[in-house]
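Take a moment with the sequence and the fold below.

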Amino acid sequence: MSKKYNGAYYTPQLLADYITYRLFSEGDYSFSKQIDVQEPSVGDGIFLNSLLNGNYFKDTKRKFSDSDIPELKIDAIEIDKQVAKKTRSLYRSVSVINSDYLQHFLESDKKYDLIIGNPPYVRRRNMNEKTKELCAQVHQKTGLSEKKPKNLWTSFLMAAKDSLKQKGVVAFILPADLLQVKYSEEIREVIYSEFERVEVF
């Protein structure tokens, strides 16, 4: 299936590694020893590799011990059955859930300390009817006035925001649309009003 229909643009390992390093080593985020993590579009597990390899605690400028590495309880969501099966076999410590993330969000009330990943980018005209309906339900549940989302990533972002614990963090790779286009204006306002800290790279 074409990328424009499934939004599967895979993340370079270097980028996933830096995001993880920023969260746990460089950025001074305050996580507890045990962290509930969600990856809503896990794909082939690039972010899982970054989270689980512990490289972010090997900074020679700071002194870390093995006891400093947090205990990660990870739920990974993947819509593609074969990809989910492969990822499950590679990362046995991770709970890999074969599901549509938006459907999963609408049916679950679990909260997370960290939601990390690269959500799919699919324009509305390339979505099937089920996805359009799920996007509308997510926007409604999360309080947005836009009931016909223009791109799939907006629903992923809003679902992630609503799935956070009080001091939770979203770390997503997002298109420049977030900062530039009119359809994301309301989302920008939500982000600025509801998050204590916003970093854009």
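Of the 201 residues in the protein, 47% are buried. Keep in mind that this is a predicted model.

Start with the overall dimensions. The C-alpha trace spans about 50 × 40 × 30 Å along its principal axes. A compact globule with 201 residues would have a radius of gyration near 17 Å. The protein has 17 Å, so the value agrees with that expectation.

Now the surface. The accessible area of the protein is about 11,300 Å². Carbon and sulfur atoms contribute 49% of that area. As for charge, there are 31 positive and 28 negative side chains. The centres of these two sets lie 4 Å apart.

Turn to the secondary structure. The protein has nine helices and five strands. Read from the N terminus, the elements run α-α-β-α-β-α-β-α-β-α-α-β-α-α.

Which strands pair with S2? One is S1, residues 34-39. S1 and S2 are parallel and share six bridges. Within this pairing, Asp36 stands opposite Lys73 in S2. Another partner is S3, residues 95-98. Four bridges join S2 to S3, and these two strands also run parallel. Here Ala76 has Val96 in S3 as its bridge partner. Find Asp36 and Lys73 on screen, then Ala76 and Val96. These pairs mark the two pairings of S2, with S1 and with S3.

Finish with a single side chain, Lys132. This residue is found in helix H6, which covers residues 129-141. Is Lys132 buried or exposed? Its relative accessibility is 19%. Buried means under 20%. Lys132 therefore counts as buried.

What does Lys132 touch, leaving aside its neighbours within four places in sequence? Its contacts are Arg124 and Met127. To see this on the model, locate helix H6 at residues 129-141, and then look from Lys132 to Arg124 and Met127.

Key
Residues numbered from 1 in each chain as written. Predicted model: local features only at pLDDT ≥ 70, side-chain atom pairs only at ≥ 80, totals over all residues. Heavy atoms only, no water. Buried < 20%, exposed > 50% of the residue type's maximum accessible area, 1.4 Å probe, protein only. Contact = heavy atoms within 4.5 Å. Rg over C-alpha atoms; globule rule 2.2 N^0.38 Å. Areas by Shrake-Rupley, 256 points an atom, 1.4 Å probe, with all protein chains shown as cover. Lys, Arg positive; Asp, Glu negative; His and termini not counted. Charge placed at Lys NZ, Arg CZ, Asp CG, Glu CD. Pairing = 2+ DSSP bridges.
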